[in-house]
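Here are my notes on this model, point by point. Please read them with the structure open.

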Amino acid sequence: MSINVVYKTTARATGGRDGFAETTDGSFRVDLGVPKEMGGDGKGNNPEQLFAAGYSACFLGAMKFVAGEEKIDIPADTHVQATVGIGPRSDGGFGLEVAIEVSLPGMDRAKAVELVKKTEFVCPYANATKGNIKTTVTLV
C-alpha cells in the first residue's frame, strides 16, 4: 500500500515526559509532566493525553468525511471521546490501549453503526493502531 502524502508536520520533544514538546513551525507548544499514577507530580500534559486528543479529533474528522461522501447528516452535537491507557506489558516494556466512544445523538442506530464502521476503515489513526494495540470502538 502506498500513501500520497499531502501534509507533513514535525514536532520535537525535549526532556522526555518531564520536558516540553513543540512543533518546529512554532504553532504549538506544551509542557509535559508525568502523571501521579506513574510517579510524577501530575503537572503538565502527557503523551497519552495528546494521543487521546489527536485520536478523537481525527476519528471525528474522518466520520465527517464519510458522512459527506455518503450524503448523511450527522447531528451538530456529535462528539468522539478517546480514552488512552498505558501500563506495563506482560512480556516487558509498556503498552497502550484505546477506547473510542462515539456519540451521534438522535441518529438512527443502524445508520450510526454503519457510519462508525466505515469511519474505522477511513480514519488514519484507526488504521495506524489496527492490530498493534487493543482498541475498542463503542457507539454510545
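1. Among contacts between residues at least 6 apart in sequence, what share joins residues at least 24 apart? The share is 46% in this protein. Contact means heavy atoms within 4.5 Å.

2. On provenance: this is a predicted model, where local features need pLDDT of at least 70, side-chain atom pairs count only at pLDDT 80 or more, and totals for chains, interfaces and linings use all residues. Residues are numbered from 1 along each chain as its sequence is written, and side-chain values use heavy atoms, with hydrogens and water left out.

3. Fold. The protein has three helices and six strands. Their order along the sequence is β-β-β-α-β-β-α-α-β. Helices (H or I, at least four residues) and strands (E, at least two) are DSSP runs, numbered from the N terminus. Along the principal axes, the C-alpha atoms fill a box of roughly 45 × 35 × 35 Å.

4. Surface. The protein exposes about 9300 Å², and carbon and sulfur atoms supply 53% of that area. Areas come from the Shrake-Rupley method with a 1.4 Å probe; for residues, only the protein chains shown count as cover. Of the 140 residues, 29% count as buried. Buried means under 20% relative accessible area, exposed over 50%, and partly exposed in between (1.4 Å probe, protein chains only).

5. Charge. There are 15 positive and 17 negative side chains. The centres of the two sets lie 3 Å apart. Lys and Arg count as positive, Asp and Glu as negative; His and the chain ends are not counted. Each charge is placed at NZ of Lys, CZ of Arg, CG of Asp or CD of Glu.

6. The largest pocket holds about 400 Å³ of space. A pocket is an open set of points on a 1 Å grid over the protein atoms alone, where a 1.4 Å probe fits, with protein on both sides within 12 Å along at least five of seven lines; lining residues have an atom within 4 Å of a point. Points are joined across faces, edges and corners, and the volume is the space filled by probe spheres set on them. Helix 1 gives the largest share of the lining, four residues. Strand 2 (20-23) and helix 1 (47-69) each supply at least two lining residues. The lining residues include Tyr 7, Phe 28, Cys 58 and Tyr 125.

7. Glu 48. Beyond residues up to four places away in sequence, Glu 48 touches Arg 17, Val 84, Ile 86 and Leu 96.

8. Lys 71. This residue sits in the loop between helix 1 and strand 4. Lys 71 is not a glycine, yet has a positive phi of about 60 degrees. With a relative accessible area of 74%, Lys 71 is exposed.

9. Gly 93. Look in the loop between strand 4 (79-88) and strand 5 (94-103). Gly 93 is partly exposed, at 44% relative accessible area. Setting aside neighbours within four places in sequence, Gly 93 contacts Gly 87 and Pro 88. Thr 24 is 69 residues away along the chain, and its C-alpha is 29 Å from that of Gly 93.

10. Thr 136. Strand 6 (residues 134-139) holds this residue. Thr 136 is partly exposed, at 36% relative accessibility.
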